[in-house]
Amino acid sequence: MATAAAQARRGDHQGALSTLESAVTQSGGDADLWMALGQARAACGQAEAALEALDEALRAGHPLAGEVRLARAVILADQLHDDGEAKRALEALLADEPWQLRARLNLGNLYEQRGERHDAMRVYREAMEQDPSKDPSNAALRWVALARMLIIERPDGADDPRLAEAKRGLTALAGDHALRAHLLFAMGHCHEAFGDAEAAFDAFSMANRGLLRRHGRTYRAAEEERLVAEIMAATPAVRMPAVETTVPLRPVFICGMFRSGSTLLEQMLATHPSITPAGELDWLPRLAFQRHAPFPSGFDHVSADELATLAQEYLAALRKRFPDLPAGALVTDKRPDNYLLIGVIKALFPAARILHTVRHPMDNGLSIYMQNMNLEVAAYASDLGDIGHQYGLYTRLMDHWKARFPGDILDVAYEDLVADPATVVAGIEDFLGLARGADSSAFHRMPNAVKTASYWQVRRPLYREAMGRWERYTTQLEPLRRALAGAGITLPDPSTIKP
């Protein structure tokens, strides 16, 4: 298993999976090997096969059965989107092992994604009340529960005792930059709500500096520039399938920078009876960066027939998740960083329509910096200069796609969506060939789970506080402004932005 672990650390998840599959075939597999295989299959998107391996680990008597059961629940929620079964699995685990803080946090997160505020707060309070001696290796996770409670129910003022407790948590977590970040981001949002921009930005900065110390500086500007250049050069060589798929589902792709309004847009579109929200699917990124790595050269010799087969595979996955959708139903795939893969999308689905969410660069950059982003997905997110550099590359690539696929990509400005949602959504309905049917005022009442960082923002009626927020931080955001200017980004004239 050591070889597989080393492969996984290098990001070679397919290699790790092959190593473990061979080991199971040769030895029959013990509990630890089945557990490792389940985790490897999950990392490669093979959710059902991962569950089978984890079940084998349980049958083989894995000594940490609770950890195996937790891994099963996470796959059910995050990959199979079976929230009901995931909830039952977590509740059953907590009935047997009530001290399991990681399971309790996952259950709270599941409630948050479904907009069930009361139950989420109950679960997090239970986590805070847990006797640390029952689960000493994870005792510090109770502070994550406090951070989530501060996000769900914001304090009324700076003298709220929960903020004093959060400060005690920072002291208790000295040196644990990852866990401190949860508290610092939550505290930053509280100070932002109080109107204390200086204290808010100090908290966000401390959180991001800690994350950089924890993970190291992983953003490589030259490598990112090379990737974008290779994508732009490779696009003309991508072969188109000879015929369109006949599977009666129509994917619509929503992409753009993270924190540019894509979740809000998807929720508004989900009010249309012909549109079903799928959220952030990882099928395309896994195809590009695992199965056909290295990207983009891994697609150089993919034939038209292979592309057609891949398109059918993608649509079959959608059909499996949404078996009851009628023919012709539209399904939104809202993965912001799929802007890197628009060439692949158009190769798989030549008629695909793409909604591109855009936002004022300074507001967009600030919103990224204020969020506890996964640096494995967005390595630039904890440094303002890196955010500005990445924004410049993203803009260059989107200009390329729009020139290559004119008429197939529609820009949707966050500011317009907030100021005049009915008009913007009507334009999108026209773009998608739909009759009027969306009720953009009802987006916050949609019952679907929202598995992004915006799940509480889209559970409240439309608000405008996030527009122009960067102007409260002009001094602190100077590194972002300089990086944007260096990337050739011209900031919009404030007079052209709708109030």
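Student: Is Glu48 buried, partly exposed or exposed?
Tutor: Glu48 counts as partly exposed, at 37% relative accessibility. Keep in mind that this is a predicted model.

Student: Which residue does Glu48 form a salt bridge with?
Tutor: Lys320. The closest N and O atoms of the pair are 2.7 Å apart.

Student: How many salt bridges does the structure hold?
Tutor: There are 29. One of them joins Asp411 and Lys402, at 2.9 Å from N to O. Asp411 is partly exposed, at 38%. Lys402 is partly exposed too, at 27%.

Student: New topic: the nonpolar side. How many residues has the largest nonpolar core?
Tutor: It has 138. Leu284, Tyr314, Leu348 and Leu477 have the most contacts inside it. Helix 9, residues 142–152, gives the most to this core, with nine residues.

Student: What is Leu477 in contact with, leaving aside its neighbours within four places in sequence?
Tutor: Phe201, Met362, Leu366, Leu384 and Trp470. Apart from that core lies another, of 22 residues, including Ile254 and Met467.

Student: Where do nonpolar side chains tend to be in soluble globular proteins?
Tutor: They tend to be buried together.

Conventions. Residues numbered from 1 in each chain as written. Predicted model: local features only at pLDDT ≥ 70, side-chain atom pairs only at ≥ 80, totals over all residues. Heavy atoms only, no water. Core = buried A, V, L, I, M, F, W, Y, C linked by side-chain atoms within 4.5 Å. Buried < 20%, exposed > 50% of the residue type's maximum accessible area, 1.4 Å probe, protein only. Helix = DSSP H or I, 4+ residues; strand = E, 2+ residues; numbered from the N terminus. Contact = heavy atoms within 4.5 Å. Salt bridge = Lys/Arg side-chain N within 4 Å of Asp/Glu carboxyl O.
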